[in-house]
Every structure is written in C-alpha cells, then in structure tokens.
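Hello,

Here is the structure we talked about. Please have it open while you read; my notes on it follow below.

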Amino acid sequence: MALQHNVGLSLIFRLELENSSTTFGKLASIIGEAGGDIIAVDVIRVSKETVIRDVNINVFDREHGQKIVNALDAAPGIKVINVSDRTFLMHIGGKVEVTPKIKVKNRDDLSRVYTPHVARVCQAIHEDPSKAFQLTIKRNTVAVVSDGTAVLGLGDIGPYAAMPVMEGKAMLFKQFAGVDSFPICLDTKDPDEIVRIVKAIAPAFGGINLEDISSPRCFEIEERLKEELDIPVFHDDQHGTAVVLLAGLINAAKVVGKRLKDLKVVVVGIGAAGVACSKMVLAAGVKNIIGVDRVGILNRNQDYDNNMWDWYAKNTNPLNLTGTLDDAIQGADVFIGLSGPGVLKVEHLKSMAKDPIVFAMANPNPEIDPEEAEPYVRVMATGRSDYPNQINNVLCFPGIFKGALECRASTINEEMKLAAARAIASVVTDEELSEHYIIPSVFNKRVAEVVSKAVIEAAYDTGVARRGDVTSNNNF
Ligand SMILES: NC(=O)C1=CN([C@@H]2O[C@H](COP(=O)(O)OP(=O)(O)OC[C@H]3O[C@@H](n4cnc5c(N)ncnc54)[C@H](O)[C@@H]3O)[C@@H](O)[C@H]2O)C=CC1
Ligand SMILES: CC(=O)C(=O)O
Ligand SMILES: [Mg+2]
C-alpha cells in the first residue's frame, strides 16, 4: 500500500498568475516538486495581464501546505491570494438545516398547519398520546445527544467543539436511512442533569442516540434512560460500534479460516466502545478475550475504581494474565483497538498468531498506521473512510434506528443488535469476501435496508415492536 496524501487536508489555493511569465506547466511543476498532488483546477478570472485560478491540492499536513505556499510565493509571476481548507468550507454555517415537508401556499394552508386548526390535532394527541407517533416528527426523528466528553479520540473537548461530529451523524442518519435527527450538545457533564434533560426533551423524539459521552458515566446514563423512557436509547459508541465490529469479525474469521470460539482476542481501550465490543464478541461465542487499558491487562488480582472494569476482569481473561499489551498480544489472533494512536507497534504484530487480524479503530488516527502494519497482518481494518475495510458505527446506526422507528420498538435489545451484525456481514457475499473486503462500504445502499429489515424482525420476535397490524387512520 503506497503512502497516500491525507485526503482530510485538501487545500484550495487561489493564485494570480502573470501571463507573460507563468505557464500552467510551470505552476504544476512547482507544486509537484514541493510534493503537492493537484486534484482540480478552475479558472476564476482572465485579463490580458493575469489569470486567477483556484488550484485544489491534496497535502500531507498543515506544514506541507505551508511549504507549498512558500514555494509559490518565491516564484516570480505567482501571487498566492488565499488558501482555504475544503473541510472547513464544508462546515461553514453548519451541515444540516430544517426543511418543511409541506409548503404553506395560502391562508387556508396556514390555518391548518398552524392556528386555529392545528389545535384539533393537539387535542387528538392530548386525548391519545400514542398519536404523537402518527401526527408529529416523533415518528421518524432521533435526538443525537452528546456532552462532548469523549469526542472521537479527541477526548473532553466540550459541547461546542462536539457539534460538527453530531451534525455529521445527523447528516448520515438522513442520507443513509431517511431518518431525521437533531444534533444536541449539552453544556453539562453531570449524569443526573443529562438524564433529566434527555427525559424532558424525549416527547419530540422516537429515539435517543447518545454519542461521545465518556466512560464510565455513559454506562449509568444509558441504563437509567433505558429504564425511564419508552423509546429506544442507544449509545452509539457502545452498541453501534459493537454491531459493526462483530460483522467485521465474522467475515475476517472466515477469510483466515478460524472459528470464533477458538480465537484469542486482545482489546485495547476498555471504555465505552471497548466494553460493548467485548460483550458482543463474547455473546457471539469467543471465549478468550483479554482487555488492556492504561493500567495494563485487566485482571482479577486488582480492585478497580471503575465498576465496569471489575465486571470486565471477572468475565474475560480466562487465564487471569497480568502485565501489559506486550504480554497480552503474544499468540493473539485478533487485535481490537478502541483507544488512541500509536498504541500498537510492529513488534506486537510479529508476536501475534499466524494470519493476524488487526482492527485499529481509534478515530481520527488508528492505533497503528495501516501502511506500517500491512506487511505483518492478514486482515487490516480501521475506522477511517480513506482505507479499505472501514469498521465504523455509521454502518449500523442509520439502519438500526430506521428499523426501530418503523416498528415503533420500545427498546433496541441484544437480539436486534445481533440481527443487525449478521445482516451487515451478509452484504459481503462469499464470492466477494477477501482480506480487503470484509465489510460493505458505507455507501452500499443495501446496508441500511437489510439492517432495518433484520431489526424489525427481531423486534417482533422479542415482543418489543409496538406498531400493531391494525393501524387506524381515522383521525376524527
Ligand atoms: N470506529 C468506530 O466506529 C468507533 C471508534 N471509536 C474510537 O474508539 C476510541 C475510544 O472511544 P470511546 O470508547 O468512546 O472512548 P472512552 O473514553 O469511553 O474510552 C477510551 C478508553 O481507551 C483508553 N485508552 C486511551 N488511550 C490508551 C492507551 N494509550 N493505552 C491504553 N488505553 C488507552 C482510555 O483509558 C479509556 O478507557 C476513540 O478513538 C474513538 O474515536 C469509538 C466509537 C466508534
Ligand atoms: C465513529 C465514532 O462514533 C467515534 O469515533 O466516536
Ligand atoms: Mg462516537
């Protein structure tokens, strides 16, 4: 795998070029010599003396971008007017908006969508609150709620800085599954207050997607909300990630010809995602899982001030190993990283069993660079969009909520999650399955469709679907 430009840093250089001294060929060679990769060129304005062009260039990082600016500045006949980052341009003013479904064309329409006639609809819901699912956005709308304490792998960056991720989730809900959602970032870290606020806003929503709330607070918050609300509450970093991880593991195990129950699996980062992924992998039949966090291997000789780690130590690590990742990784078949960059070294890969499977899922930067790992692993996956095998919860949350909303499920239970994982894995056929294709692309339209169908079936089978066969449209 050749080292590639980081597609995240795509810069648009607005340049003024003197016609008498600067050809496009000269410009291209200056950029090429500085290591820039020209992606597109636009002409903005032409005059007798000059031409203004927008040149879109992929660069490795900010420093590299500056190097290209310096090279262009130093060339006679070229003036750098402005440099903008395409990613930032895509965020100007936010990424989502609210669009009405009906156009209000005249006073008659106005009197129906709004006062006075809307009052009759309000009365109908007042008399039968379940009509909120029929007559309001509750039917198809999810709240994406974060407190900004574990945003991607960036940590506690606060509710303002968390918004771009939550807006991104809202876009993906709509694009991949037609589900509407609002990004909601709370300026509090207090679990009691978060539970109170989410309960208070719940009437407008058919589901609550908790996002990027740090562990162990996220476990308590989710449990309490699940108990107290009658709509699905789903902590995406836990369960969405676990569903997709299991789908990837089912297919990766097929590629290397190993059975789940025989695998030795090492999970690094026993936080929200690490705990849920481990539980899901255990439920799927894996027996030997070892968890590693900053304190080393989680084992039964220790008492942790994190209840979840005590649970983890009791229910994993059958040989009660102690030590660090160096010890845990010996002879492991699978590495699952849900921690941060640079945790996994080539030396670790060399000490794994034959045909190592490495899922380095930390975002935005994985536990090891895929280029560095590739020579030593059989199956490599990351959470990123710019490498093959993207194991990311975006394969799960749109479809799982689509299914849950369609059948008005009161919760998203283990059976629904397992059904979603199997459905995602099934999208890759045996003929297509290979080291580089264990998991479908997020752009594969079938994913949300098969996930929602499987989830609806599991919801009815387990008695949590509330949409009866007999639905009356009689609104009088
Ligand atoms: N690919 C995907 O779909 C997803 C990826 N993630 C990524 O997984 C990572 C963790 O996310 P969450 O579980 O939500 O966060 P979290 O804050 O709940 O847990 C992170 C855990 O990793 C541990 N950790 C961090 N650096 C470590 C290191 N150097 N060595 C050992 N342990 C370390 C922390 O102590 C903590 O227990 C983030 O990078 C996040 O972006 C999370 C959810 C989905
Ligand atoms: C993908 C995701 O939800 C995360 O990295 O936190
Ligand atoms: Mg997340």
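K169 reaches ligand 2 with a polar side-chain atom, 2.9 Å from one of the ligand's oxygen atoms. This is a predicted model, so please read every distance here as computed. D237 also places a polar side-chain atom 2.9 Å from an oxygen atom of ligand 2. N363 does likewise, again at 2.9 Å from an oxygen atom of the ligand. Ligand 2 on its own would expose 220 Å². The protein buries 86% of that area.

Now the shell. The residues around ligand 2 are L152, K169, E211, D212, D237, N363, N392 and N393. Sorted by class, they come to 4 charged, 3 polar and 1 nonpolar. Two domains contribute to this shell: domain 2 (107–231) and domain 3 (240–461) each supply at least three residues.

Next, the metal. Which residues coordinate the magnesium ion (ligand 3)? They are E211 and D212, through OE and OD respectively, and D237, through OD. The distances run from 2.0 to 2.1 Å. Along the sequence, the donor residues follow the spacing E-D-x24-D. E211, D212 and D237 are also listed among the residues around ligand 2.

Are E211 and D212 buried or exposed? E211 has a relative accessible area of 1%, so it is buried. D212 counts as buried too, because its relative accessibility is 2%. The cut-off for buried is under 20%.

Best wishes

Note on methods. Residues numbered from 1 in each chain as written. Chains lettered and ligands numbered in written order. Predicted model: local features only at pLDDT ≥ 70, side-chain atom pairs only at ≥ 80, totals over all residues. Heavy atoms only, no water. Donors = N, O, S within 2.8 Å, 3.2 Å for Na, K, Ca; no water. Buried < 20%, exposed > 50% of the residue type's maximum accessible area, 1.4 Å probe, protein only. Near = heavy atom within 4 Å. Polar contact = N/O pair within 3.5 Å; in protein donor to acceptor, adjacent residues only side chain to side chain. Areas by Shrake-Rupley, 256 points an atom, 1.4 Å probe, with all protein chains shown as cover. Nonpolar A, V, L, I, M, F, W, Y, C, P; charged D, E, K, R; others polar. Domains from an automatic or database assignment.
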